[in-house]
Protein chains: 2
Amino acid sequence: MKPSTPTHQTWKPGTLLYPVPVVLVGCGARDEKPNLITVAWAGIVCSDPPMLSVSIRPERHSHGIISRTRAFTVNQVTRDLVRAADWCGVKSGRLVDKFREMGLTPVRASRVDAPLVAQSPMQLECRVEAIHRLGTHDLFLAEILAVNVDERHIDRHSGALRFPGTQPVCFGHGAYYALGECLGTFGHSVRKAKGPPGPRRPIPPGRGRPEAAP
Amino acid sequence: MKPSTPTHQTWKPGTLLYPVPVVLVGCGARDEKPNLITVAWAGIVCSDPPMLSVSIRPERHSHGIISRTRAFTVNQVTRDLVRAADWCGVKSGRLVDKFREMGLTPVRASRVDAPLVAQSPMQLECRVEAIHRLGTHDLFLAEILAVNVDERHIDRHSGALRFPGTQPVCFGHGAYYALGECLGTFGHSVRKAKGPPGPRRPIPPGRGRPEAAP
């Protein structure tokens, strides 16, 4: 094994894992003002039960709400929602009504006591299972109890999600990006050669993950 | 608040948080065969100390290695590395030498006892701080101790990372995608209007995050 990489500079530690998701997290109990916080420190952490994590600074308004209600929603950011997501990431719900200011519609979630963003095509309803203090951020581990998908993005015949049609957005090194070209589907490297990877076929929800056991 | 979303179908719970990163995780102590596993259940969990998480099934070969060495590397997948990443996600290091089979070069990390992928432009060296059992997957919480960046992607004058030039890849609903159009930089919604968001300006490492406090 080579002892070093002459092609690389070693930098001091930083959060340079890219791209990451960017999501609108909805919170607030039934009897209070619905709130939003934009989070890029988010990800799936378990397939079954389906779980995700979001990390939030203790000083953020939403941190207190979610710690109390133990519930939040995760709403996919689309191209049309980038400006709202950016704004909800820098403003505080202590001072403004983010739903109203951004023209977003709060909708009650079916399984948890938190608001969904009606304009988002993919909404996850999450129940907090554990909170871990890490440093600047606390890690909220949550089970996904329900998934709401905009019917306009569901194929009528197969019932599958037409994912690229949702116009998803990701975040990397200080900027928001649309998705680009499809570079192949999960498992393409071990399928019999049929030419270069083409456009993806519809895949049922929850199928096709790089971390799946061989 | 509206009581329901007539535009959405409610599905049973699933891991529909997209897009997510896809990374090559390197593991294996100095005196053993270097190994790789591809992980999409990965994300940043804390800014300071810089920390990330990866989730791995206990039955995977890499799970045993990382549990023992408490060390791994996270190597950004690029367009050129998609096929290798896909292959390393479905094969087992118990049976094959993934570095050799994919023509990848293992390089010793400087701060942890694990191999880097020389061909990856951005490599994170990680020390495991905690392991949490969740269900199908165990969550590895790790501190990022060093970041190695390919000099070809560093601007000579500013010293900043030219991120889109690394040709990053993300994962969503069973397929790998390139990054597309830049939709704006962090904070664009509160800056004085100067026309539509243009190409991003270089941002020093670790700057510019949606979850930053207002």
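The model is predicted: local features need pLDDT of at least 70, side-chain atom pairs count only at pLDDT 80 or more, and totals for chains, interfaces and linings use all residues. Residues are numbered from 1 along each chain as its sequence is written, while chains are lettered from A and ligands numbered from 1 in the order in which they are written.

**Chain A**

Select chain A. Three helices and 13 strands are found there; helices (H or I, at least four residues) and strands (E, at least two) are DSSP runs numbered from the N terminus. Of its 214 residues, 55% count as buried, a residue being buried if 20 or more other C-beta atoms, placed from the backbone, lie within 10 Å of its own C-beta atom. Two residues are in contact if their C-beta atoms, placed from the backbone, lie within 7 Å. Among contacts in chain A between residues at least 6 apart in sequence, 60% join residues at least 24 apart.

**The axis**

Next, colour the open sheet of six strands in the order β2(A)-β12(A)-β13(A)-β13(B)-β12(B)-β2(B), with antiparallel pairing. Strands pair if DSSP finds at least two bridges between them. At the edges are β2 (20–21) of chain A and β2 (20–21) of chain B, each pairing on one side only.

Select β13(A) and β13(B), which pair in the antiparallel sense over seven bridges; here Tyr176(A) stands opposite Gly184(B). Beyond, β12 (residues 169–172) of chain B pairs with β2(B) over two bridges, where Cys170(B) stands opposite Pro21(B).

**The interface**

Select the residues that join the chains: 115 of chain A are in contact with 115 of chain B. Strand β13 (residues 175–185) of chain A supplies the largest share of the chain A side, eleven residues. The copies meet through the same surface, because 100% of the interface residues of chain A are also interface residues in chain B.

A further pairing lies between β11 (residues 138–150) of chain A and β1 (residues 8–11) of chain B, which run antiparallel and are joined by four bridges. Val149(A) has Gln9(B) as its bridge partner.

Turn to helix α2 (residues 82–90) of chain B, whose buried residues include Val82(B), Ala85(B) and Cys88(B). The buried residues of this helix pack against elements including β13 of chain A and β3 (23–27) of chain B.

Finally, select Val25 and Leu52 in both chains: within the largest nonpolar core, of 132 residues, Val25(A), Leu52(A), Val25(B) and Leu52(B) touch the most other members. Such a core is a set of buried Ala, Val, Leu, Ile, Met, Phe, Trp, Tyr and Cys residues joined through C-beta atoms within 7 Å. Leaving aside neighbours within four places in sequence, the contacts of Leu52(A) include Ile44(A), Leu124(A), Ile144(A) and Leu17(B).

Methods: A residue is buried if 20 or more other C-beta atoms lie within 10 Å of its own, exposed if 12 or fewer, and partly exposed in between; C-beta atoms are placed from the backbone.
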